[in-house]
Amino acid sequence: EFRRVLFRSVTKLLADSFDYCANIFPKLTPEQLHKTYETPDGKMTGVEIILFALDHTTHHRAQTEVYLRVKNIKPTDYQF
């Protein structure tokens, strides 16, 4: 039961974070996109931060697909 509750909580948190980004990204101004921000990985522009997040998400999706295939589970088709 704990695993099921944890899975639902993590899944909801992930879905909410994707929804937040899908809502906020189109509203970013050119100034925000080109401004330099201090991050744990050094200074980056808003565009670089978004590209970093996209790359990070792609990396974890690939890891998940490998895990599912090892377990003989067909991952859902990728849609961009």
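## Exercises on a predicted model

In this predicted model, helix α3 makes the greatest contribution to the lining of the largest pocket, with seven residues.

**Exercise 1.** Describe the largest pocket by its volume, its central residues and the classes of its lining.

*Solution.* Begin with the volume, which is about 600 Å³. Next, locate the centre: 15 residues line this pocket, and L14, F18, H60, R61 and T64 are the closest to that point. Then turn to the helices: α1 (2–24) and α3 (46–70) each provide at least two lining residues. Finally, sort the lining by class, which gives seven nonpolar, six polar and two charged residues.

**Exercise 2.** Which residues lie nearest the centre of the second largest pocket, and which element supplies the largest share of its lining?

*Solution.* The second largest pocket holds about 450 Å³ of space. Of its 17 lining residues, F18, F25, A53, L54 and T57 lie nearest the centre. The largest share, eight residues, comes from α3. By class, the lining comprises eleven nonpolar, five polar and one charged residues.

**Exercise 3.** Determine how strands β1 and β2 are arranged, and decide whether T39 is buried or exposed.

*Solution.* Strand β1 (residues 36–39) runs antiparallel to strand β2 (residues 42–45), and four bridges join them. Two residues separate the strands, which form a hairpin. Within this pairing, Y37 stands opposite M44. T39 belongs to β1. T39 has a relative accessible area of 17%; because the cut-off for buried is under 20%, T39 is buried. A polar atom of the T39 side chain lies 2.5 Å from the backbone oxygen of G42. Leaving aside residues up to four places away in sequence, T39 touches M44 and I49.

How values were computed
Residues are numbered from 1 along each chain as its sequence is written. This is a predicted model: local features need pLDDT of at least 70, side-chain atom pairs count only at pLDDT 80 or more; totals for chains, interfaces and linings use all residues. Side-chain values use heavy atoms; hydrogens and water are left out. Two strands pair if DSSP finds at least two bridges between them. Buried means under 20% relative accessible area, exposed over 50%, partly exposed in between (1.4 Å probe, protein chains only). A polar contact is a pair of N or O atoms within 3.5 Å; within protein, one must be able to donate a hydrogen and the other to accept it, and residues adjacent in sequence count only if both atoms are side-chain atoms. Contact means heavy atoms within 4.5 Å. On a 1 Å grid over the protein atoms alone, a cavity is a set of points where a 1.4 Å probe fits but cannot get out, and a pocket is an open set with protein on both sides within 12 Å along at least five of seven lines; lining residues have an atom within 4 Å of a point. Grid points are joined across faces, edges and corners, and a volume is the space filled by probe spheres set on the points. Ala, Val, Leu, Ile, Met, Phe, Trp, Tyr, Cys and Pro count as nonpolar, Asp, Glu, Lys and Arg as charged, and the others, Gly among them, as polar.
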